[in-house]
Amino acid sequence: MNKKITVLKKLDAVIGPLAITLVKTLFNPGIKDYGPPSSFLFIRPGGIGDAVLLIPALKELKKAFPKARIDLLCEKRNHEIFELCPEIDSIFLYDSLTGLTSAIGGRYDVVIDSEQWYRLSAVIAYLTRAPIRIGFSTNDRRKLFSAALIYKEDEHEIYNFFRLISPLVPDLTFNEETAFISIPSELSNRIKPHIIKASSKKLVAIFPGGSVPEKRWPPERFR
């Protein structure tokens, strides 16, 4: 397992419950009465895989609230994938003090924490003092959300992420045959020289790896 991930998990297990208790005691997000939300912050720490699978939810939210601002708090290791998502207005880095403080002080109507397990991202969502805070109820992180939703491990992640926006955008559907990321031509042109031998054919790229063993598709299933 990646050493960074191992350390983060241990820190979250030790510090997370204490941080939840402290912020619940010291901070009160308050309640705001308003019309349709005009500003959203998504929190997406982690790797590229979950970042890609969050994009359909971002697109559906933008369709429902076309005039709303959508910002994103993510990590340095996954932020480039969100640059391919035109629905996002600003990207802040989770692992940067400047990015973190900018997101916490952003005064959002809605904060959606798409992290599945870590508690510290829920703490950050709470510290924004957004009146609507949505996240998964996988552990005591549920105490920090105004809407804590079930996470299903046997369901595709796209549908778990859809569940996070379902309180605001009901009756969601997803066309599994439609691509939801567009690759800019300048990026395609940078890639083509590396695959020039196969450039006349249709290509399918498969990445079988994963930062943790439980996310790796086993070789026998590839066969």
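Start with Ile 206, which sits in the loop between α7 (185-191) and α8 (219-222); helices here are DSSP runs of H or I with at least four residues, numbered from the N terminus. Keep in mind that this is a predicted model, where local features need pLDDT of at least 70, side-chain atom pairs count only at pLDDT 80 or more, and totals for chains, interfaces and linings use all residues. Residues are numbered from 1 along each chain as its sequence is written, and side-chain values use heavy atoms, leaving out hydrogens and water.

Ile 206 counts as exposed because its relative accessibility is 59% (exposed is over 50%, buried under 20%, partly exposed in between, with a 1.4 Å probe and protein chains only).

Now for the pockets. A pocket is an open set of points on a 1 Å grid over the protein atoms alone, where a 1.4 Å probe fits, with protein on both sides within 12 Å along at least five of seven lines; lining residues have an atom within 4 Å of a point.

Of its 15 lining residues, Glu 80, Ile 81, Leu 84, Ile 183 and Leu 187 are the closest to the centre. Here α7 gives the most, three residues.

Terms used: Helix = DSSP H or I, 4+ residues; strand = E, 2+ residues; numbered from the N terminus.
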